[in-house]
Amino acid sequence: MNYINYQYHACVFIKLSLFVNNETINSSGSYKVNRLFVESGLIRTATLIIANGTALFCGYSLYSGNEKFYREIAMPCLRLLDAERAHKFAVWSASKGLVPAINACADPPIMQTSLWGLKFQNPVGLAAGFDKHAEAIGGLLKMGFGFVEVGSITPEPQPGNPKPRVFRLTEEKAVINRYGFNSEGHIAALRRLKSWRYKRMEDATCSQGIVGINLGKNKTSPDPVGDYTKGVTNLGCFGDYIVINVSSPNTPGLRDMQGRKQLADLIDKAKVDGLIISNTTVSRPSSLKSPEKKETGGLSGQPLKELSTQTIKDMYQLTKGNIPIIGVGGIQSGRDAYEKIRAGASLVQLYSALSYEGPPLVARIKRELINELKSGGFETVEAAVGADHR
């Protein structure tokens with residue numbers, strides 16, 4: 001072994017000597033050429049090593065869900081794209097499984113809850129509006145959500161409102177959108193939901209999670225109630241629960257469905273088992289500073305948190321806690337989720353915060369929520385529901 005090492009070093013020494021001799025004997029600059037060749041090779045090698053190392057580090061950080069990497073590198077890079085392109089890229093990534101793998105089955109018993117005959121591994125879900133066309137259910141559940149709600153899905157395909165139609169309010173960690181129920185329609189969604197259902201039947205593990213389907217009406221439909229009825233008929237058996245969306249501010253006439261007569265007509269045709277509170281708001285708090293605050297559309301994210309939580313409290317009191325509530329609006333921490341649960345929400349959903357924090361947000365919220373529940377003396381999520389009213 002020593003002999004081999006000696007020979008190797010001797011060989012290197014001879015080559016270096018030859019370069020020096022070239023400089024001394026040959027005045028044409030062959031030494032400089034040889035040295036440039038060696039240095040260029042070293043630079044290329046070093047560049048490849050650095051590039052491969054960086055790619056490996058980034059890939060590992062993305063797959064493992066490194067919170068700091070997502071917060072400081074991945075998400076700021078994604079925000080270099082306009083908001084809608086970034087949204088589409090995020091859905092595509094989730095559809096290909098290019099997200100951190102966090103098994104929801106690993107959630108402890110304190111996080112598990114049952115509602116409507118369904119067992120939720122944890123109460124943290126993804127709100128409708130992210131996966132509008134049911135393209136990425138598997139990848140989104142893989143991120144650790146207890147349930148994922150797809151849609152809103154309209155009977156017939158429709159393009160939605162003209163672009164641009166979604167805007168970031170970065171200072172407030174908020175979003176304004178006026179998508180207008182852009183949807184690929186029932187047929188496209190049905191194909192994907194069927195595929196998902198068959199996959200779940202083949203591998204019926206709890207990691208598959210709960211899937212909700214959010215239904216919308218077509219913009220020019222003469223029969224809104226008929227649109228929702230079609231949704232229940234066409235898609236109902238492929239979801240674990242169905243949501244009738246009558247609150248989007250971006251579809252003309254939709255909020256007219258919130259009138260007593262219209263709701264009564266709708267309820268006659270579809271039994272209501274729960275409420276989702278709340279959707280986006282068209283109001284603009286005076287605290288908003290971002291120039292995008294002037295855009296029309298629904299505001300979501302952090303500025304909505306207090307308004308949403310208070311609305312949950314009010315509705316819980318009005319219904320005497322007899323109708324389960326899914327709380328949405330401004331959730332970006334375990335504490336935010338805990339406050340909504342204490343206010344009366346049996347489950348919670350998030351969306352806007354995901355566009356700022358990325359996939360690791362799900363695991364962080366669950367981790368923090370567990371700590372909040374334990375600190376509050378609760379052994380289960382169910383025990384904490386409506387605690388502020390007791």
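## The side chain of N122

In this predicted model, the side chain of N122 reaches the backbone oxygen of G144 at 3.1 Å. A polar atom of the N122 side chain also lies 2.9 Å from the backbone nitrogen of V124.

N122 itself is placed in the loop that links β2 (118-120) to β3 (124-126). Its relative accessible area is 0%, and because buried means under 20%, N122 counts as buried.

## The protein as a whole

The protein has 390 residues, and 45% of them count as buried. Its secondary structure consists of 13 helices and 12 strands. Among contacts between residues at least 6 apart in sequence, 69% join residues at least 24 apart.

## Helix α10 and its two partners

Two packed helices are described by the angle between their axes and the distance between the axes. Helix α10 (residues 334-343) packs with helix α12 (residues 360-375) at an angle of about 55°, and their axes are 7 Å apart. That angle makes α10 oblique to α12. The crossing of these helices, α10 and α12, is right-handed. On the α10 side, the contact is made by G334, R335, A337, Y338 and I341, which meet I365, E368, L369, E372 and L373 of α12. By class, this contact of α10 with α12 has six nonpolar, one polar and three charged residues.

Helix α9 (residues 305-318) also packs with α10, here at an angle of about 20° and with the axes 8 Å apart. Angles under 35 degrees count as roughly parallel, and α9 is therefore roughly parallel to α10. The crossing of α9 and α10 is right-handed. From α9, the residues K305, S308, T309, I312, K313 and Y316 meet D336, E339, K340 and A343 of α10. The residues in this contact of α9 with α10 divide into three nonpolar, two polar and five charged.

## H186 in helix α6

H186 belongs to helix α6 (residues 185-202). Is H186 buried or exposed? With a relative accessible area of 4%, H186 is buried. When its neighbours within four places in sequence are left aside, H186 is in contact with I153, T154, P155, D227, K230, G231, N234 and L235.

## Cis peptide bonds

The peptide bond from G151 to S152 is cis, with omega near 10°. S152 is found in strand β4 (residues 147-153). A cis peptide bond also joins I277 and S278, where omega is about 5°. S278 lies in the loop between β9 and β10.

The loop between β9 (275-277) and β10 (298-301) also holds V282. V282 has a relative accessible area of 53%, and because exposed means over 50%, V282 counts as exposed. Between the C-alpha atoms of V282 and T296 the distance in space is 7.7 Å, while the two residues are 14 residues apart in sequence.

## Positive phi angles

W116 is a residue other than glycine with a positive phi, near 55°. W116 is placed in the loop between β1 (113-115) and β2, and its relative accessible area of 33% makes it partly exposed.

K173 is not a glycine either, and its phi is positive at about 50°. The position of K173 is in the loop between β5 (166-169) and β6 (174-177). At 32% relative accessibility, K173 counts as partly exposed.

Key:
Residues are numbered from 1 along each chain as its sequence is written. This is a predicted model: local features need pLDDT of at least 70, side-chain atom pairs count only at pLDDT 80 or more; totals for chains, interfaces and linings use all residues. Side-chain values use heavy atoms; hydrogens and water are left out. Helices (H or I, at least four residues) and strands (E, at least two) are DSSP runs, numbered from the N terminus. Buried means under 20% relative accessible area, exposed over 50%, partly exposed in between (1.4 Å probe, protein chains only). A polar contact is a pair of N or O atoms within 3.5 Å; within protein, one must be able to donate a hydrogen and the other to accept it, and residues adjacent in sequence count only if both atoms are side-chain atoms. Axes are lines fitted to C-alpha atoms, for helices over the stretch in contact, and angles run from 0 to 180 degrees between N-to-C directions. Angles under 35 degrees count as roughly parallel, over 145 as roughly antiparallel, 65 to 115 as roughly perpendicular and the rest as oblique. A crossing is left-handed if the near helix is turned anticlockwise from the far one by less than a right angle, and right-handed if clockwise. Contact means heavy atoms within 4.5 Å. Ala, Val, Leu, Ile, Met, Phe, Trp, Tyr, Cys and Pro count as nonpolar, Asp, Glu, Lys and Arg as charged, and the others, Gly among them, as polar.
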